[in-house]
Every structure is written in C-alpha cells, then in structure tokens.
Amino acid sequence: METIEHISFRFEDLGRIAYADALRIQTEAFEALLEAKRTGREGVSRLFFCEHEPVLTLGKHGKSSNLLVPEALLRERGVALYQVGRGGDITYHGPGQITGYPVFDLERGRLGLRQYIERLEEVVIRFLADYGLRGERLAGATGVWLDPHVPGKARKICAIGVKSSRFVTMHGFALNINTDLSYFSLINPCGFTDKGVTSLAQELGVPVGFERAKRRLENLFERYF
C-alpha cells in the first residue's frame, strides 16, 4: 500500500447502543471537526465502534423497493428503519456486528475519498486474513466479499457506506462477526438480488470472541490510518 501520513484519532467503544444515539454522537463529532477546520484549529478525529439494536438504514440514493416487507412487519419484529445521508443502499445493523464510524479528517492523512474507502476495505481484508479467510473487493460494489468472482457463491461480509464534507467523514462500515443473518432476508442487501451475505462465525462454523475481534480491528486501524 502507498505510504501516507497517519491520522491521529481517538478511539471509543460505545458498546450496545440504539442507532439514534450513535448517530447523534458521531454527528456531533463530525460537526465539531468541520467547525475546527473552518476556524483554522486542529480538530479531533474519532473512531467509534458499536453494536446496534436491530435496525435497517437506507442510504441517500437507496431504493425503498429494496425493503422487501411492510414497515408494519418491521415494527412487529422490533426492527427500526432510518434513511441516512451516507452512500450505498439498504443494509442491516444488529447485535454481533461491529459497526464502525470513523469521523476522520482525510486531509491529515493526505487521503482522497476513494483512497479512504480502499483503506477501509484493506483493514477488513487484513482482519479476515487473521482468521484464515480471503476477503476481496468486487469492482463496482464497495465493501469486502468472499468468493466475489465465483458464480452463485459471492457473499458480502462487510458493508461500507460513508458521507464526506470538506474531507471529513462520517458513517462507515458494518462487519458481520456473530450476526444473525436471518434479518438480511428483509432486504436486498446493499441493493443486490444475486449475491449473499455471511458472517465470520458462519464461515468458521463457531462463534467468534467478539471483544477480541474488536481489539484486533482497532489495532489494524491504528496501523493503517
């Protein structure tokens, strides 16, 4: 990978948290970093990890038709629904998933948005390699996949959708660790109808130590950002 200047950031594990609360926290960090840039001060980049209660989020250009059930059924199942300002289509967040929100000033690391997304993907690819899995990219489909070029076997393990303003980012990634994959049947994940989803536990055949996984991922962020 290319040499970059590192982005100094503060890490915070928010634990299990409602989506609305996490959105407020990352939005406040995003706006504070933007304000610092506007006034010529050095702001603080932040990295938040969390788990959400079951929730579906639809990106700003997402298609509502990719929600496959009535909203009333979502309410019956206790699944929230939010339309948000990130890129990408519809995805699921819930327990057993590491949802990450890097609120980064990309100019500090001399990164463009495309480079930033590729670096997020690279962190996840390196993370999966620690578990003996080969994560890959799929052209035209942001995120990290397993067997992306094998007909009928392509499955996404990490979704990525970000928002950027003046090179400050928010939103981020959703990495399936011990995720209940049945919730993905409510949607066409990320807008795809011909590709599957998976989790680390699904691939390994056993539950994965969640806290250890978070620490591994945090260490990789420190290394590659």
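**Group meeting: His 171, Lys 163 and the overall fold**

Let's start with His 171. Leaving out residues up to four places away in sequence, His 171 touches Tyr 19, Leu 23, Gln 26, Val 84, Gly 85, Arg 86, Gly 100, Tyr 101, Pro 102, Gly 161, Val 162 and Lys 163. Contact here means heavy atoms within 4.5 Å.

A word on the source. This is a predicted model, where local features need pLDDT of at least 70, side-chain atom pairs count only at pLDDT 80 or more, and totals for chains, interfaces and linings use all residues. Residues are numbered from 1 along each chain as its sequence is written, and side-chain values use heavy atoms, with hydrogens and water left out.

Back to His 171. The residue is in strand E10, residues 168-176. Strands are DSSP runs of E, at least two residues; helices are runs of H or I, at least four; both are numbered from the N terminus. Is His 171 buried or exposed? His 171 counts as buried, because its relative accessibility is 4%. The cut-offs: buried is under 20% relative accessible area, exposed is over 50%, and partly exposed is in between, with a 1.4 Å probe and protein chains only.

Next, Lys 163. Lys 163 lies in strand E9, residues 155-165. At 31% relative accessibility, Lys 163 counts as partly exposed. Which residues does Lys 163 touch, not counting residues up to four places away in sequence? They are Phe 30, Gly 85, Arg 86, Val 168, Thr 169, Met 170 and His 171. Now a distance. Lys 163 and Leu 186 are 23 residues apart in sequence, and their C-alpha atoms are 25 Å apart.

On to Val 150. Val 150 sits in the loop between strand E8 (141-146) and E9. Val 150 is partly exposed, because its relative accessibility is 33%. From Val 150 to Gly 94 is 56 residues along the chain and 28 Å between C-alpha atoms.

Now the whole protein. There are 5 helices and 11 strands. Of the 225 residues, 52% count as buried. The C-alpha atoms fill a box of roughly 50 × 40 × 30 Å along the principal axes. What about contacts with a separation of 6 or more? Residues 24 or more positions apart account for 75% of them.

Last, the radius of gyration, taken over C-alpha atoms. The protein has 17 Å, which agrees with a compact globule of 225 residues, near 17 Å. That globule rule is 2.2 Å times the number of residues to the power 0.38.
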